[in-house]
Amino acid sequence: MSQTHNPDQALGFETLAIHAGQPADPATGAVMTPIYATTTYKQDGVGGLRGGYEYSRTANPTRRALEDCLAALELGERGIAFASGMAAEDALVRVTCQPGDHVVIPNDAYGGTYRLFNTVFAPWGLDFTPASEHHTAAFAAAVQPGRTKLVWIETPSNPLLGVADIEAIAAIAHEAGALLVVDNTFATPYLQQPIALGADVVVHSTTKYAGGHSDVVGGALVTADADLGQRVAVFQNSTGAIAGPFDAYLVLRGLKTLAVRMDRHCDNAERIVDFLVDHEAVGQVFYPGLANHPGREVADKQMRRYGGMLSFRTRAGHQAALDVCNRTRLFTLAESLGGVESLIELPATMTHASVAESPLAVPNDLVRVSVGIESVDDLIADLAQALPLPPSR
Ligand SMILES: *Cc1c(COP(=O)(O)O)cnc(C)c1O
């Protein structure tokens, strides 16, 4: 990783989450970053900008605080906050690729990412290859040296919680002259810092764990390189998909508790995994922390813990999976993830319906769970009453 001159980098993650980019407000001393609900900024004489702000599409102090905090947490040079995760992804592709270029994406990418490439960028002239990021050699084979501009991974992946080897794939991308992009939405920088492992860009849907309270849609890019960050910022100013100041504030607020929330998400997920593995109505359980998970070794190398997402198959098939989703009382049947409340869903007909006929299709007896931070005994009791009873002996 490049040498950084930011003295903040010596501070611990929890400290940075609370303080990076957030000195007391220079105007009032407010300890919390104000929501700068302003479009424009008074100039002291023509061209005399105070603090560099002139118009809030270009820059806004609340958004800037979030961008600087995210950059510090992800060990990057520049953060850019967007209106949504998809807006961030769209900007990144348009800044780094031209029609005729090639991109490799995971064959189990987030459904919206696949749809972006398939319905927006393919007609634009971008060629993309979905490949298994969980088999580094297979992924390497999809790269076209000289023509591939982005190698895109998402780890752990959605909804099957596969793990991709960030360091190994960074080497492959760089050898081919491509940038490595890591969607770090599931892991968050608390559990995994891709830039330290060689990634060039980290993508976030801050809608999920970063915001953490299911009350804001947002996205971000963090670049390892300041030049690329500047190109993205110029593109964003030219096209406009910015995070508004209130949305930026909500994510900033969420980040302050990211570390403690993630630890509890992980504690609860581990307990629920133990419960599911032993349950007779449950088939395969997908969680990177399981000893028999094919990605366990790589997860141990690159992650602090294994996260709050898990999925499992029901032994009795599709109807049983539907029943579980319909019967839970505490787990809310809903899409999205990463909030303090537990959510449950059926990917085949909900989050992954748009990829039903594609290489990204998932089994229809798969249940995905976003484990919240409620009392874990209550969560386990809820799943116990929702799962079909084991056959009596
Ligand atoms: C939700 C999500 C996105 C898209 O983000 P939005 O904020 O919904 O636009 C991208 N990647 C992953 C892994 C996600 O979970």
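Helix axes are here taken as lines fitted to C-alpha atoms, for helices over the stretch in contact. In this predicted model, the axes of helix H3 (residues 85-96) and helix H4 (residues 111-124) come within 11 Å and cross at roughly 40°. Angles under 35 degrees count as roughly parallel and those of 65 to 115 as roughly perpendicular, and H3 and H4 are therefore oblique to each other. The crossing of these two helices is right-handed. On the H3 side, the contact is made by Met86, Glu89, Asp90, Val93 and Arg94, whereas H4 contributes Gly112, Thr113, Leu116, Phe117, Val120, Phe121 and Trp124. Sorted by class, this contact comprises seven nonpolar, two polar and three charged residues.

Helix H10 (residues 258-277) has 20 residues and spans 28 Å from its first C-alpha to its last, close to the 28 Å expected at 1.5 Å a residue. Its buried residues are Leu258, Ala259, Arg261, Met262, His265, Cys266, Asn268, Ala269, Ile272, Val273, Phe275 and Leu276. The elements that cover these buried residues of H10 include helices H1 (13-19), H7 (188-191), H9 (245-256) and H13 (376-386), together with strands S8 (282-286) and S9 (309-314).

Helix H9, with twelve residues, reaches 17 Å from its first C-alpha to its last, which is close to the 16 Å expected at 1.5 Å a residue. Ala248, Leu250, Val251, Leu252, Gly254 and Leu255 of H9 are buried, and the buried residues of this helix pack against H1, helix H2 (61-73) and H10.

Notes
Residues numbered from 1 in each chain as written. Predicted model: local features only at pLDDT ≥ 70, side-chain atom pairs only at ≥ 80, totals over all residues. Heavy atoms only, no water. Axes fitted to C-alpha atoms, helices over the stretch in contact; angles between N-to-C directions. Helix = DSSP H or I, 4+ residues; strand = E, 2+ residues; numbered from the N terminus. Parallel < 35°, antiparallel > 145°, perpendicular 65-115°, else oblique. Left-handed = near helix turned anticlockwise from the far one by under 90°. Contact = heavy atoms within 4.5 Å. Nonpolar A, V, L, I, M, F, W, Y, C, P; charged D, E, K, R; others polar. Expected span 1.5 Å × (residues − 1). Buried < 20%, exposed > 50% of the residue type's maximum accessible area, 1.4 Å probe, protein only.
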